[in-house]
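The following note collects points on the chain interface, helix packing, salt bridges and backbone geometry. Please read it alongside the coordinates.

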There are 2 protein chains.
Amino acid sequence: MQEHTITFDDREQVKVPTGTLLTEAAQAAGIEIVQPCGGQGRCGRCTVLARTGNIRRRSTLRLSAEDIALGYTLACQSVVEGDSAIEVPSQQVVERRLTTDRILAETPVPESYAFKTHPSIRIVPLDLVPPTMEDQTDDWSRVQASLRRLGYPKVDCSLAALQQMGKILRNCGWVVRAVLDSTDSRTPRLVCLLPDTSETPVLGAAIDIGTTTITVWLVDLVSGKVIAQAAEYNRQIKRGEDIISRIIYAAKNSGDEEMRLLVLETINELLERACARVRADPDSIYKATIAGNSTMMHLFLGIPAVSIRLSPFVTAANQPPFMKANEIGLNIHPDAAVDCLPGVASYVGADITAGVLSSGVDDSSAVSLFIDIGTNGEIVLGSKEWLVTCACSAGPAFEGAGVVDGMRATRGAIEEVWINTVTFEPTLRVIGDVKPKGICGSGLIALLAELFLTGLLDKGGNFNLEAGTPRIRAGNHGLEYVLVWGAESGHGEDIAITHVDVDNLIRAKAAIYAGFSVLADSVGVSLEAAERVLIGGAFGKYINVEKAIEIGLLPDMPWDHFHFLGNTSVQGAYRALLMQSERKRIEDIAAKMTYIELSADNAFYDAFTSALFLPHTDLTKFPNVRPAEIRAKVKS
Amino acid sequence: MQEHTITFDDREQVKVPTGTLLTEAAQAAGIEIVQPCGGQGRCGRCTVLARTGNIRRRSTLRLSAEDIALGYTLACQSVVEGDSAIEVPSQQVVERRLTTDRILAETPVPESYAFKTHPSIRIVPLDLVPPTMEDQTDDWSRVQASLRRLGYPKVDCSLAALQQMGKILRNCGWVVRAVLDSTDSRTPRLVCLLPDTSETPVLGAAIDIGTTTITVWLVDLVSGKVIAQAAEYNRQIKRGEDIISRIIYAAKNSGDEEMRLLVLETINELLERACARVRADPDSIYKATIAGNSTMMHLFLGIPAVSIRLSPFVTAANQPPFMKANEIGLNIHPDAAVDCLPGVASYVGADITAGVLSSGVDDSSAVSLFIDIGTNGEIVLGSKEWLVTCACSAGPAFEGAGVVDGMRATRGAIEEVWINTVTFEPTLRVIGDVKPKGICGSGLIALLAELFLTGLLDKGGNFNLEAGTPRIRAGNHGLEYVLVWGAESGHGEDIAITHVDVDNLIRAKAAIYAGFSVLADSVGVSLEAAERVLIGGAFGKYINVEKAIEIGLLPDMPWDHFHFLGNTSVQGAYRALLMQSERKRIEDIAAKMTYIELSADNAFYDAFTSALFLPHTDLTKFPNVRPAEIRAKVKS
């Protein structure tokens, strides 16, 4: 067999045959590469940099496209096929690539694209003849006449534009730029006049109102580029972490108004922050396009959301009317159009229609499964020809709520877990690299998967008392696995996952998986027909797909079927902000999508019940998940 | 000659021949009837009640149509033509008929008329099928579907309507009324849903923003009736009494915003007051239609008015855009449409277009002269075929400003003056029947006329020192006539009219008369071609036409050509509020009207110069005014 020379860190060399794993080569060379997950390609901690040579990657699961392009590879998943020079980065460097500010990290911004075909905002230069005693035409009629000559036969005017018109026309010597908004798509509307210099920017804002996080993209409407972004927790969180508790709070006393003000404050502060970054005035924002789930949209507009929660789960409006910023208190140009994108029904809101747009589900003849698992879980299955959608009442377990030691993905949250197959001792990754205080969603998925894969949990979600580890014990809530002993935790208390927590998590993942099944069944295709699984939402960005498959949350498909798209909702809002045609496309998506109400569906209950196992009752659906029992045998 | 028996107060009887004046008959019967104006039919103080009999009225100038219908007649102008029974009311009764709250008196309300043809607000009963798990259509789409079936293929929605929708649909068992607004005339807009009971009123407001007075009519949009009204001084008065000083104030610092808030406060208080009278909630007002001069409209909308004052006298917009109440802070239903009516140019605003509509100038083939002399003076000449208009920079003299002892028509203002032809002693009528503090516009017109008619002023406006009355004296501002000695005045000071005051008044009246001339000349007709002189505005309601003719302010025409229409501006707003077709008609009026800028017109200066005499240089234009010189001869 052919041998290859592997050089580590320009110092150590070793000769190994074709097919050797890099971890094995390193061991032979006396180089230590950590493998918390036991070389299963799950944790990413064994990431190394292949500077030169011929390495075949079996899996790249924890690596970003950028990482791969740079040459990073998982040592435990890298097969030697030629001479190579390998650099083993310090664990700090590896961690830095893997952990950033997880929730508030900025979604990759799309490259600016050709949006000039159907711009929603037009900037029209005007060169007016000043009034005289012989021509006393009023300012607005004069502007209209000029616009008519330029091909705008009828243009509406906003009040703020009129308030500024006289001054700007005279200050600028009757040479100005008109900002025309076509959001309403019927008659263009003059938002304002601007001096005829490029120094006064023409900006727009694409906003995603998430239950947990609100994201603002500040867009230059001339170049189409995102010039600043900002994200922050939705201040409504203090009145409830999940959608249901927010609706309940809003329905009490004047909770509606309080909720409206909380989200408004958050958005206004983000707009200000984004503007400050580019030294712009929020008054230079002439249009805002908003996506968000139905409940968030209702609360933002001061529309009671109570009917969304109660059978038959009806929204007040899936398509809110066009508004102006001053009507709702958005601190941008007072007459800027505020375009709230259309939703579909019930919990399936504009975040999903915008997500379908930006993920391109509706643009491909291939069948795609689109998943947005944020604080809620919405799913779309479809293609250019058809779209079906449903909302899974997964509950907030994957947001860390309803779990004893659960927490949001903030500093001190355990976000990744590996359990040693032999010792059952855990290795953790904690956000901020501090002592842990609790477990966030991605940590819970990882923990559940690891407990299952190491045999500490059986497929029914029961702890294995026979494993012989002190970490499994009887606690106040039944059996539990202690992930962190009090001595090592941030608050001095043990951090554990209880039997009840496990049940909650299994119910949550079962609801989502059942959603997939019902959607597929409703159109008579198998889930495997989906050629792509498109994962949007801040949550989806950080979950470990392999582990999510292992617990039966995601369908068992080849890894290259999964695509993490980041915040697809704000991306869709961004496109709709720039182009009327994209805005129209979102409307078409909303109209085309068939909403399937799961709570009225017996098929859903059947699918749900079948999914209440790790990974599933029907193991043929998860051929690549190696049941824990097998490993237990390995151990014994 | 035939004799007739005249019975006074059921007691005194006298026999007099046909043609005897009632004042002469009363004298013969030993009954005292006061004649402050010397029996010239000018003061109205000799008003008596003809209960039965045959009396021919030579003039009814000071009498209202209601007075005449009741049988009131001016004794000095009443010719006996048959047996009659006459009642001589006490002076208190006469005064009460003549003086009421002059400025704030309510304009007679038009009878409700058939407005159902093109209503601007439609009230549509809806009987909806409630949502089920099989039909989860959102509330707004459900309402839209129902409206579609009723013949409204596309309806917009307002935010406030959405905010209330879910609750009202469920509280009312899905049987409601939809309030649809067609102000925009493109797509009807749902303003709100209401319970299906007639107990919740559907109201509108017609508003006239006058420089001095703001008038609000509260209208039941179902019956079309005016159900309450309220009027109040425009609070901007404290920042300037006339338009020019308001524009100047508004242009300084943040004067625009202060002016906006002042007028807004006034309107909101009036709306509240009118609603309180019928126990209605201002939130039940679903539409407001607003008339007012260009400057008032600009200040109300926060649009700088400065360009109106400076050459070439251009407004920012003659047709403001449609707005919603919450955009401008009007305290009615937040999503009520606020329809600001269109003006023509410069100072000729929506008060004039509304006035032309309600006075019917544009509806008749007869040529009419329409005059609105409020704080400003605007004139329209025209018919069904053509309309010309101008604004006379008369200045505020007739509002009592720019005159040493001038004041507004409030309590303590001298509003009518008669000067005895022999003694030159004045008789006064004072608003509120208190000691006088100054002279208001109608008082100034009367005073000027009396001074001229009694020979105390010559046609050039110079005082006649030869008259031999101590009331003419040299004061600080040249010669003056003392109308009230300090001992009898409300503030202990003499009240006088100075030579400078007289000059100011003559310039003001000359500007207005010159306006008439220029308009007539511009279309090549003589002023006499006008078959009707229609006088609108609060000011016009109280001036003594005869005296206004005598000083050359109004053209010399038979008295029955003059028609006092009260507040034609609010009447026009009322019609436009109810009917889309009337609203359209105002737009047509605005488009059809030719505006003539007087300040650029040499013909105006010539006409103005010719009018700088009492009554005019060309006495053939005033054949019925007997020049003072003749009377002076009578005296000598």
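**Notes on the model**

1. B:P615 is placed in the loop between α18 (602-610) and α19 (628-635) of chain B. A cis peptide bond links B:L614 to B:P615, with omega about -10°. In chain A, a cis peptide bond likewise joins A:L614 and A:P615, and omega is about -10°; A:P615 is found in the loop between α18 (602-610) and α19 (628-635) of chain A. Helices (H or I, at least four residues) and strands (E, at least two) are DSSP runs, numbered from the N terminus.

2. As to conventions, this is a predicted model, in which local features need pLDDT of at least 70 and side-chain atom pairs count only at pLDDT 80 or more, while totals for chains, interfaces and linings use all residues. Residues are numbered from 1 along each chain as its sequence is written, chains are lettered from A and ligands numbered from 1 in the order in which they are written, and side-chain values use heavy atoms, with hydrogens and water left out.

3. A further backbone point concerns B:D10, a residue other than glycine with a positive phi, near 65°. B:D10 lies in the loop between β1 (3-8) and β2 (12-17) of chain B.

4. The interface of chain A and chain B takes 45 residues from chain A and 45 residues from chain B, where contact means heavy atoms within 4.5 Å. The area buried between the two chains is about 3,400 Å², and carbon and sulfur atoms give 57% of it; buried area is the accessible area (1.4 Å probe) that two parts lose on being put together, summed over both. A:M133, A:Q136 and A:L159 supply 19% of the area that chain A buries against chain B, more than any other three residues.

5. Across this interface of chain A and chain B, the rule finds two salt bridges, a salt bridge being a side-chain nitrogen of Lys or Arg within 4 Å of a carboxyl oxygen of Asp or Glu. The side chains of A:K324 and B:E327 meet in a salt bridge at 2.9 Å, N to O. The rule also finds 16 residue pairs in polar contact across the interface of chain A and chain B, both residues at pLDDT 80 or more. A polar contact is a pair of N or O atoms within 3.5 Å; within protein, one must be able to donate a hydrogen and the other to accept it, and residues adjacent in sequence count only if both atoms are side-chain atoms.

6. Which elements of chain A supply at least two residues each of the side that touches chain B? They are α4 (139-149), β7 (156-157), α5 (159-171), β14 (323-324) and α10 (325-328). α5(A) gives the most to that side, with five residues. The residues of the side of chain A that touches chain B divide into 21 nonpolar, 14 polar and ten charged. Here Ala, Val, Leu, Ile, Met, Phe, Trp, Tyr, Cys and Pro count as nonpolar, Asp, Glu, Lys and Arg as charged, and the others, Gly among them, as polar.

7. In chain B, the axes of helix α11 (residues 350-359) and helix α16 (residues 568-578) come within 7 Å and cross at roughly 75°. α11(B) is therefore roughly perpendicular to α16(B). Axes are lines fitted to C-alpha atoms, for helices over the stretch in contact, and angles run from 0 to 180 degrees between N-to-C directions; angles under 35 degrees count as roughly parallel, over 145 as roughly antiparallel, 65 to 115 as roughly perpendicular and the rest as oblique.

8. Also in chain B, helix α4 (residues 139-149) and helix α5 (residues 159-171) pack at an angle of about 75°, with their axes 10 Å apart. This makes α4(B) roughly perpendicular to α5(B). B:D139, B:W140 and B:V143 in α4(B) meet B:L162, B:M165, B:G166, B:L169 and B:R170 in α5(B). By class, this contact has five nonpolar, one polar and two charged residues.

9. Over all chains, the structure holds 56 salt bridges. B:E269 forms a salt bridge with B:R273, with the closest N and O atoms 3.5 Å apart. Both B:E269 and B:R273 lie in helix α7 (residues 255-277) of chain B, four residues apart, about one turn of the helix.
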